[in-house]
Amino acid sequence: MESQYRYIGFVGCYTKEGQADPFEGSHGGVPHNRSKIGTGVLAIGVDDSGKLSFLNEGKPIVKADELQNPSYLCILERNESGSSSSRPASLRDGGLCIVSELDNGTFQSFAVSRDGMNINAKSVGEALDTGGSYPCHIIDANVGDMGCIIVCNYGEDEGVLSMFGTGPNDTYLKQVGISFGTGSKVDLSRQQTSHAHSASITPPLFPSSMMDLCCADLGSDAIVQYSLSTTNSGPGGDQLSLQCVEKARLAAPPGSGPRSLMFNPVFKDIAIVSLEMTAQVWLIRRNKEGSLEGAGDPVSVMPADWPDESAKEMMKFNKGRWASDAIWSPDGKFVYAATRLHNSISVFQLKSNTDGGLELVERISTEGLTPRCLCMSECGKFILVAHQHSHDISSFQRNESNGSLSFTAKLEVPNAACVKLVRPDKIG
């Protein structure tokens, strides 16, 4: 497999109809083929050109009857340096943590092994209650000597941030649960209550930097910043306890709905935020005190004339505004931002890592409907797009000099919700 594929991809999906569409109740949902539903988590191979192929003959490695609505996942990479030793032992050679986006939210860990063209996923322990409803985002992080899993529950009644640490019996144990309360109520149809949509760990600016966690709350128009640490507890002081304390709160533009947040991999004091409800991206930065602040005005990810005459029906869906993911290139020079309904990727170049500012390079079709998730390869040579409503994954080659994209390939995956990539030598 190592000689044939540059990367292995894992694709999460919705296994129920009409999911994660804020217009489902009010307008019958965004038009799409409803006869197709996801079958579970699929494994794909990606070659040097970005061409996509199914592994496991296209059969799910995690089936829908094992885990319903496995819409988002994180990859636990094998780390030869030993930093993965803080995880449960069964996951130290690599694995997956996958949410089940249902009213009673759970997540499940899986150990991953490989045998030729086949990928095997074996559940580790029981599915764990995420402490909220409709978990939509999950990441892993090491806080001190504790391996942690961090889950954002979008929430029916309120958003909830939940954190799990390595516990006894080779599994994870819930350590922290934070309820976000009411929303900003700027948009009464979507912001009556808080909605925790994604979380990101701040990269260290210097070796002794404190570790912070930032969470995008779509319902409250806020980026909430927490400081993370561990303390010794238990009778003998030999058990680790996770501490999560709110540090600061950055107000996003009213009614903008922060959705995704990613720190620049090179210029580590700045981050890009996707504003779902206004279809914009927003540069933010950490100031000298370590708190977040805006770095200029948000920038639209749609053309000024959208929706045009040919797309008048899109006006009923929040005036055609429905942004999704935004990510950095590995060199930190370019931002790639997707928007649904318009079904496009906007490519921006970072003008300056000190003064901020984004310059539009191009805006192209994602070659599908409802681009929900973007994934950049570690090498920076291609981007994959998960399309929820055209039921596929698209691949684009990336020009590393000017950031532009060229469509390469497509693979049918019903109700694709997220896609993540890993080098074959880092898992299984």
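Which residue in E15 does Asp 217 stand opposite? Asp 217 stands opposite Ala 222 in E15. This is a predicted model, in which local features need pLDDT of at least 70 and side-chain atom pairs count only at pLDDT 80 or more, while totals for chains, interfaces and linings use all residues. Residues are numbered from 1 along each chain as its sequence is written, and side-chain values use heavy atoms, with hydrogens and water left out.

Some terms come first. Helices (H or I, at least four residues) and strands (E, at least two) are DSSP runs, numbered from the N terminus. Two strands pair if DSSP finds at least two bridges between them.

Strand E14 (residues 211-217) and strand E15 (residues 222-233) are antiparallel partners, paired over seven bridges. They form a hairpin with four residues between them. In the turn of this hairpin, Asp 221 has a positive phi of about 55°. E15 also runs antiparallel to strand E16 (residues 239-251), and 12 bridges join E15 to E16. One of the residues involved is Gln 225, whose bridge partner in E16 is Ala 248.

Leu 161 has Ile 178 as its bridge partner in E12.

Ala 196 belongs to strand E13 (residues 196-201). Is Ala 196 buried or exposed? Ala 196 counts as buried because its relative accessibility is 0%; buried means under 20% relative accessible area, exposed over 50%, and partly exposed in between (1.4 Å probe, protein chains only). Leaving aside neighbours within four places in sequence, the residues in contact with Ala 196 include Cys 136, Tyr 154, Val 160, Phe 180 and Asp 217. Contact means heavy atoms within 4.5 Å. Ala 196 and Tyr 172 are 24 residues apart in sequence, and their C-alpha atoms are 21 Å apart in space.

Ile 393 stands opposite Leu 411 in E29. The hairpin of E28 and E29 has six residues between the strands, and Gly 403 takes a positive phi near 85° there.

Most residues other than glycine have a negative phi, and most peptide bonds are trans. The next residues depart from this pattern. Lys 185, not a glycine, has a positive phi of about 60°. Lys 185 is in the loop between E12 and E13 and is partly exposed because its relative accessible area is 38%. Glu 367 has a positive phi near 65°. Glu 367 is placed in the loop between strand E25 (358-365) and strand E26 (371-376), and counts as partly exposed with a relative accessible area of 33%. The peptide bond that joins Trp 306 and Pro 307 is cis, with omega about -5°. Pro 307 lies in the loop between strand E21 (299-300) and strand E22 (323-328).

On a 1 Å grid over the protein atoms alone, a cavity is a set of points where a 1.4 Å probe fits but cannot get out, and a pocket is an open set with protein on both sides within 12 Å along at least five of seven lines; lining residues have an atom within 4 Å of a point. Grid points are joined across faces, edges and corners, and a volume is the space filled by probe spheres set on the points.

By this rule there is one cavity of 30 Å³ or more. The largest cavity has a volume of about 60 Å³, and its lining includes Tyr 14, His 32, Arg 34 and Asn 415. The second largest pocket holds about 610 Å³ of space. It is lined by 25 residues, of which Ala 20, Asp 21, Pro 22, Tyr 154 and Glu 156 are the closest to its centre.
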